[in-house]
Amino acid sequence: MTRILPRGAFSVQGLTEIWAYRELLYFLTLRDIKVRYKQTLIGVAWAILQPVVSTVIFSLIFTGWARFETGDTPYPLFAMCGLTLWLFNQNAVSISSSSFVNNTNFVTKVYFPRLIVPLASTFAALFDLLFSIAVLAVMMAYYRVAPSASAVAAPLFLLIALVSAAAMGILLSALNVRFRDVKFAVPFLLQVWMIASPVFYPASMISAKWRLVFAVNPMTGVVEGFRAALFGMPFDWAVIGVSAASTLALLIISLIIFGRMEDDFADII
Amino acid sequence: MIKARELTKEYVLGGAATTSIRDALTALVKRKAVDRKILRALDGVSFEISEGETVGIIGGNGAGKSTLLKVLSRITKPTYGAAEIAGRVGSLLEVGTGFHNELSGRENIYLNGAILGMRRSEIDARFDEIVAFSEIEKFLDTPVKHYSSGMYMRLAFSIAAHLDPEVLIVDEVLAVGDMAFQKKCLGKMRTIGESGRTVLFVSHDMSAISRLCSRAIWLKSGKVAADGETREVLDAYLHEQSQTGAEHIWEKADRPGDDTAKLNSVRVTDRDGETTAIIDIRQRVYVEMEYEVLKDDKPLVPNLHFFNEQNVCIFVTHDWGSEWRHRARPRGTYTSRVEIPGNFLAEGSIYVGAALTTYQPLDVHFVEWDAVRFTVADSLDGDSARGDYAGTMPGIVRPVLHWDTEAAG
């Protein structure tokens with residue numbers, strides 16, 4: 001029995017339905033992956049080129065006139081490790097933020113749980129992440145750095161990164177339907193966000209006093225935790241805890257805002 | 001089963017649309033309601049449709065038909081009111097939703113099927129059927145951007161046609177595509193309706209509605225104006241909707257004509273003499289014109305001109321049988337009536353022009369194009385010219401002819 005209730009009326013249908021529509025989520029993710037590199041000259045090579053070129057540039061700058069203390073880890077490996085997660089976040093957030101605007105007819109011509117649209121874009125970005133991880137593995141082999149025993153914890157940080165990117169994508173995609181300013185704000189936001197994340201520098205540079213404030217940025221705990229896991233450095237559980245909590249808070253806020261806005265999507269898009 | 005109670009949908013004009021953050025902030029700071037106009041697209045719409053009914057929704061542009069379908073398809077939520085639908089709902093407000101040009105036919109079948117709510121296992125099971133129906137076997141692995149528009153539509157439609165919902169909601173899908181496509185579409189909808197599932201169908205094509213639906217709901221300015229047997233509702237709708245109805249009566253001062261004769265009225269009736277805007281294709285239909293002759297010095301020949309929707313003249317008929325064919329007609333009021341046999345006109349709207357002419361020397365006393373209009377409907381009972389064929393039939397007339405078929409030996 002399908003019940004149609006006025007807008008604003010409480011309904012749990014939306015959330016439970018995502019499971020019922022999981023196959024659609026799968027096909028949309030697959031579509032986003034397939035379409036991403038169609039009609040490009042070098043195809044999926046972009047997924048490799050992007051992290052490699054960034055790593056080279058950072059390495060040229062930060063092993064030359066500016067240096068960071070990265071312990072035993074060679075700087076290129078250090079930077080690539082951060083870029084692996086950061087580029088995933090950047091791709092996922094930028095694609096999913098425009099997911100509704102780019103799929104207008106999905107919203108105005110057919111019903112399905114709306115959350116699926118930004119989620120599919122986020123999941124599709126996982127495909128590029130696989131390539132980054134492969135590049136990272138090759139680099140580790142090149143520098144003869146074996147993953148430490150704590151590397152088993154690495155997937156946990158990938159998971160937090162996924163949740164954080166999904167939450168941000170959900171929020172921005174909904175805001176973008178209503179406010180087209182989002183389109184202009186996203187590249188800027190991502191730029192600032194990267195600088196505020198320990199991608200090309202270590203979080204240890206920040207004074208201990210400020211580090212927890214810094215950790216409100218989910219990417220701080222994600223990148224730091226991922227590195228610590230791979231290279232066998234001690235985990236800073238306080239930073240990771242704050243980042244995880246803020247990821248969860250971001251997800252809840254995003255879902256609430258999305259839930260309040262989605263009823264109007266078809267009318268205003 | 002669909003149960004709608006007081007469905008109301010309001011749109012805020014000039015306020016809720018896409019805005020920039022700046023506008024939103026300005027509105028917030030100034031606390032000034034931006035000149036907001038509320039449009040009620042649906043205004044307390046209630047109805048109940050039982051399982052297995054095929055119901056047509058008609059109404060003019062902006063009457064709320066599409067909004068109603070969007071609300072029932074859950075694309076948008078009502079502002080007030082509620083509805084319940086029992087069974088799986090399939091809605092086709094467009095065919096090919098979510099098709100991606102870069103993907104192959106095969107990939108789009110799965111994607112579009114999933115968007116329409118089909119399970120992967122269902123798509124797998126019907127995959128061959130979908131491909132056969134769409135006739136694109138050879139191009140299954142070609143990106144759809146290389147398809148002709150006909151192939152694209154065929155593929156899109158055959159996916160939709162293999163959707164197997166308990167409640168099907170369809171909007172004007174028939175308006176697109178070539179004839180062969182529309183034919184398949186109508187045939188498929190008929191099969192779905194006959195298999196005991198509930199179909200809700202919006203169309204501007206009155207003959208398609210009368211052919212497929214046993215019941216019709218007429219929406220007017222967001223309200224239910226009529227709900228009942230298709231023929232009655234269409235009749236009322238056609239009568240109101242166009243100024244050219246089944247009856248046209250002129251005010252005494254506005255009557256067309258010259259100083260010899262004036263046209264009083266023209267009307268379309270069934271065999272019982274009842275004015276009707278819609279007529280079964282098998283039934284005789286009558287067109288009668290009433291006119292007043294003011295001067296008794298000329299022979300007068302009434303004549304009627306029949307046009308279809310494409311403005312093709314189907315035929316012209318003159319009253320050559322009258323005793324006044326070659327004689328001057330006495331003053332007075334006359335009614336001339338012509339009988340058009342059943343199984344002659346094709347389905348669709350027929351516009352009738354009425355004229356009164358003297359032929360020697362030629363003098364047209366009045367000619368009123370589009371004086372009346374009526375719709376010929378084929379209810380698909382099997383004994384009209386279309387027989388068991390549910391699709392669109394070409395041709396400006398549709399006679400039932402005598403055939404002989406003999407086995408050769």
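Predicted model: local features only at pLDDT ≥ 70, side-chain atom pairs only at ≥ 80, totals over all residues.
Me: How many helices and strands does the secondary structure of chain B come to?
Reply: The C-alpha trace of chain B spans about 85 × 80 × 40 Å along its principal axes. Of the 409 residues in this chain, 41% are buried. The secondary structure of chain B comes to eight helices and 18 strands.

Me: How far apart do the C-alpha centres of the two domains of chain B lie?
Reply: Chain B is divided into domain 1, residues 2–240, and domain 2, residues 247–377. Between the C-alpha centres of these domains the distance is 41 Å.

Me: Which element gives the largest share of the side of domain 1 of chain B that touches domain 2 of chain B?
Reply: Chain B is divided into domain 1 (2–240) and domain 2 (247–377). Their contact takes nine residues from domain 1 and seven residues from domain 2. On the domain 1 side, the elements that give two or more residues are helix H7 (206–212) and helix H8 (230–241) of chain B. The largest share, five residues, comes from H8(B).

Me: Which element of chain A gives the most residues to the side that touches chain B?
Reply: The contact takes 31 residues from chain A and 41 residues from chain B. On the chain A side, two or more residues come from each of strand S1 (2–4), helix H2 (22–36), helix H5 (104–109) and helix H12 (265–268). With six residues, the element that gives the most is H2(A).

Me: Which residue of chain A is in contact with Leu72(B), leaving aside neighbours within four places in sequence?
Reply: Within chain B, its contacts beyond four places in sequence are Ile2(B), Ala83(B), Ile85(B), Ile169(B) and Leu200(B). From chain A, the residue in contact with Leu72(B) is Ile4(A).

Me: Are H7(A) and H11(A) roughly parallel or roughly antiparallel to each other?
Reply: H7(A) and helix H11 (residues 237–262) of chain A have axes 9 Å apart, and H7(A) passes H11(A) in a left-handed crossing. Residues that meet include Ile160(A) and Leu171(A) in H7(A), and Leu250(A) and Phe258(A) in H11(A). The helices pack at an angle of about 30°. Angles under 35 degrees count as roughly parallel, and H7(A) and H11(A) are therefore roughly parallel.

Me: Which residues of H4(B) make the contact with H3(B)?
Reply: Helix H3 (residues 105–115) and helix H4 (residues 120–134) of chain B pack at an angle of about 125°, with their axes 11 Å apart. That makes H3(B) oblique to H4(B), and their crossing is right-handed. H3(B) brings Ile109(B), Tyr110(B) and Gly113(B) to the contact, and H4(B) brings Ile123(B), Phe127(B) and Ile130(B).

Me: Which element of chain A is included in what covers the buried residues of H3(B)?
Reply: In H3(B), 10 of the 11 residues are buried, so this helix is largely enclosed by the rest of the structure. Among the buried residues are Glu107(B), Asn108(B) and Leu111(B). The cover includes H4 and helix H5 (149–161) of chain B, and from chain A, H2.

Me: Which residue does a cis peptide bond join to Gln360(B)?
Reply: The cis bond has an omega of about 0°. The residue joined to Gln360(B) has its place in the loop between strand S17 (348–359) and strand S18 (362–377) of chain B. That residue is Pro361(B).

Me: What is the phi of Ser221(B)?
Reply: Ser221(B) lies in the loop between strand S8 (215–220) and strand S9 (223–229) of chain B. With 14 C-beta neighbours inside 10 Å, Ser221(B) counts as partly exposed. Phi of Ser221(B) is positive, in a residue other than glycine, and is near 45°.

Terms used: Residues numbered from 1 in each chain as written. Chains lettered and ligands numbered in written order. Contact = placed C-beta atoms within 7 Å. Axes fitted to C-alpha atoms, helices over the stretch in contact; angles between N-to-C directions. Helix = DSSP H or I, 4+ residues; strand = E, 2+ residues; numbered from the N terminus. Parallel < 35°, antiparallel > 145°, perpendicular 65-115°, else oblique. Left-handed = near helix turned anticlockwise from the far one by under 90°. Domains from an automatic or database assignment. Buried ≥ 20, exposed ≤ 12 C-beta atoms within 10 Å, placed from the backbone.
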